[in-house]
Amino acid sequence: MTFNPQFYDNDIDVIRRNEYPMLSDTIYLDHSGTTLYAKSLVDKFSSSMISGLYGNPHSNSVSSIFSLKKIDDVRLKALQFFGADPEDFDIVFVANATAAIKVVAEGFRARGGFDYGYHRDSHTSLVGVRELAVRSKCFISDEYVGKWLRSSSQDLERPFLFAYPAQSNMNGRRLPLSWSKEIRAMKQNTYTVLDAAAYVSTSPLDLSNADNAPDFTALSFYKIFGFPDLGALVVRKSSGHMLTRRAYFGGGTVETVSCLQEQWHATKDTSLHEQLEDGTLPIHSILALDLAFDVHINIYQSMQRISQHTAHLANRLFLLLTSLRHDNGQQVCNIFATPGTDYTNTRLQGPVLAFNVRAKDGTWVSNSELEKLASVRNIHLRTGRLCSPGAIAYHLNLKPMDLMKNYTAGLRCGNDQVEECGKPTGVIRVSFGAMSSSEDVTTITEFLREFYAQKEDAIQETPSICERPTLSVESLTIYPIKSFLNEGLAWDREWCLIHAGTRQVLSQNRYPRMALLKPEMDLKSSLLRVRFTEPGNSSPLAEISVSLLEFPEKIKPHASNVCNEAVEAVPYRSDEISTFFTSALGVPCYLAHFPANGTGLSSRRSKAHLQQHQTPGKRKINEIRYSSSKLPSPLNDVIQENIPRPILLSNESPILSITRASLDFLNAQIRHKNGKLADASVFRANIVIASSAPSSSVPYIESSWGHVKIGEEVFEMLGSCRRCSMVCVDQATAIKDEEPFVTLAKTRRFDNKVFFGEHMCHISRGRRAYISVGDPIEPFNR
């Protein structure tokens, strides 16, 4: 195919403005997950639903007959979209490509068992079919498939099902569509199932030659059109008999059923789809699909043009990323692609790039940290294992032992926090769609250049020291309810809000409106008061009170999750309390109490620890020796090393502190870029430490402290606080900004993590302790 980069690239800005208003100020690069729906499609569908009357197609009313006729028309249109002759093919509507694959797997199992082979690049949904097979194997390469095709060894007693993706869900590599024809010619009693979900999102799928086509093709229409959420199984009619022996039957698939004295039924046999589409079809989704075909053609004219456009973008990004270098000449991006991959060759490669980022010293950048930073910049991409277990293991050289170690260390699907064995556990994926633009390519490239292409370390300027400043407690704050404005400060993070459906503890990172809920401890009345205020309105719109003396009965604690750690919290049963929080946030939730001094899932321990950048050899700032490196006796006698520190619902430690000097220094850096200054409240620190001589204070000196004495009490410094984009939520308006996280990511990123503030805990002497605003603070260096 001749490659021509013009296509509709000059018109894409107009298309995006008219059809995709959701892309305003947004860079969307996860089209392999789902592409976006056009505004005109939603408008036409809404109009159709308002003006039309569509009944259940299993009835015989006028509206039902009308629905059935429309479904038949859409079924034909769907086949024609893929060039499939209805004489040779049938199409079964399902929820998605996974449901289509499951229909095939269950059909083969119902025939008394089958053997199964799947390609290394298969999606998890294809891999899962192996659990239904008598025997299964993974084809570890294209060459391995070729050897199998040429071999004669095969058990003909059972049918063999071979599965592979038309396009890798990981890196967009396209596999030979010719395998279906070759298998049919060279193997007996062997059938192919093609996962075309990723492929059809940007390329035309040609099923015009039934002799060359797969026996079963699974796909999802939302990958092509964004809407509706609907999938299909395209079945070659000559292979359809393999799916018709299933035992289960649902409504709409039988002619008659006997239930009383005798139990028997007669299955419909006029068409394959009538036998396999259980229950009432998703009528409205199928009607939306009819409109989706028309709108898509109206905007883009053909899938061929989309294919060329997205290939052009992918090739441009590939060239830019391969040229992105650190100042020492090392490449920033390690791209996972077949050597010599040509991104303009749409037969061999889709518009997808999978890569990881290396620091200039060769260490891997954390994908989860990169994704957090991308989210702050409103860049939508995907990281992780991408439902491609075989491809990920192959490209990242993950051995079975590595996978087991990662799993034991806590790595789970959707959780990319752990990296064991010195290897990444997943990748970063950028995928293009019909409405992607050259600006998307430029933005993601400049993002990587800005934050990850490292230049010579700049010397951090620190103020000259004329005198040793005196430190004191500027403010003390407790946060009774997690993520509102343990065994640390009394009442701190003893309560939380739990989602009524998922049972997950809510946080401002996902629900920024939590910042508008203002808790207050009324100790005279022994009440926790919570007020809900809108930005700019000092008067509360609503208020609720909870007793500090009476807690909910621990009849049935609810299992929940805090920072990937299982906990049990005791819910308040009051409808009034639940309604208050649900109405304020617009999220179904309820208040729960995490009991202090709990056991089992009601007991948590601090996870804070000293970071590498805090060790003497790693520090980059001029340190002031405020005192000797050792605590004087008798204070040194109370130190207990390596004991577990109990916490309640705080993320990592009993107490969190920041210094005014570090905050002022950070804001000076933000002000230099005309960014939004950070208020101390966004860091949710319990203790803010002030200096008597701000001009002489050194920022981030607290990283070198091992202990501090506040008044008469001694506290151990546990390590720096790792930050996420929650610090970007304005605590007065609940609006997210990119600062201060963006500046912190450039100035306070160590070992691929962003830090600000210090974790600490009180060293108990077996008595109740008090600290107050204004108390003097004496630090002791580590």
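Is R135 buried, partly exposed or exposed? R135 is partly exposed, with a relative accessible area of 46%; here buried means under 20% relative accessible area, exposed over 50%, and partly exposed in between, for a 1.4 Å probe and protein chains only. The structure is a predicted model, in which local features need pLDDT of at least 70 and side-chain atom pairs count only at pLDDT 80 or more, whereas totals for chains, interfaces and linings use all residues. Residues are numbered from 1 along each chain as its sequence is written, and side-chain values use heavy atoms, with hydrogens and water left out.

The chain contains 18 helices and 32 strands, where helices (H or I, at least four residues) and strands (E, at least two) are DSSP runs numbered from the N terminus. Of its 782 residues, 53% count as buried. The accessible surface of the chain comes to about 35,000 Å², and carbon and sulfur atoms account for 50% of this area. Accessible areas come from the Shrake-Rupley method with a 1.4 Å probe, and for residues only the protein chains shown count as cover.

Strand β12 (residues 352–357) is largely enclosed by the rest of the structure, because 6 of its 6 residues are buried. Both of its faces are covered, with V352, A354 and N356 buried on one side and L353, F355 and V357 buried on the other. Strand β12 is paired with strand β11 (residues 333–335), to which it runs antiparallel and is joined by 3 bridges; two strands pair if DSSP finds at least two bridges between them. Within this pairing, C333 has V357 of β12 as its bridge partner. An antiparallel pairing over 4 bridges also links β12 with strand β15 (residues 427–431), and there A354 stands opposite R429 of β15.

Helix α12 (residues 367–376) is likewise described as largely enclosed by the rest of the structure, since 7 of its 10 residues are buried. The buried positions are N367, S368, E369, L370, L373, A374 and V376. Just after this helix, N378 adopts a positive phi of about 60°. E369, which counts as buried at 4% relative accessibility, meets the side chain of R722 in a salt bridge with an N to O distance of 2.3 Å. R722 is partly exposed, with a relative accessible area of 27%.

In total, the structure holds 33 salt bridges, a salt bridge being a side-chain nitrogen of Lys or Arg within 4 Å of a carboxyl oxygen of Asp or Glu. Side chains of opposite charge can pair when their charged atoms come close. One of these contacts is formed by R135 and D115, with their closest N and O atoms 3.2 Å apart. This pair links distant parts of the chain, as R135 lies in strand β4 (residues 135–139) and D115 in strand β3 (residues 115–119), 20 residues apart. D115 counts as buried, at 4% relative accessibility, while R135 is partly exposed.

A further salt bridge is formed by R529 and E543, whose closest N and O atoms are 3.7 Å apart. The two residues link distant parts of the chain, with R529 in strand β19 (residues 527–532) and E543 in strand β20 (residues 542–547), 14 residues apart. R529 counts as buried at 18% relative accessibility, whereas E543 is partly exposed at 35%. Salt bridges that share partners join E520, D522, R529, R531 and E543 into one network. Strand β18 (residues 517–522) pairs with β19 in the antiparallel sense over 6 bridges, and E520 has R529 of β19 as its bridge partner. These strands, β18 and β19, form a hairpin with 4 residues between them, and S526 in the turn has a positive phi of about 55°.

Y37 is placed in the loop between β1 (27–28) and α2 (39–51) and is partly exposed, with a relative accessible area of 38%. E87 lies in the loop between α3 (62–81) and β2 (89–94) and is exposed, with a relative accessible area of 64%.
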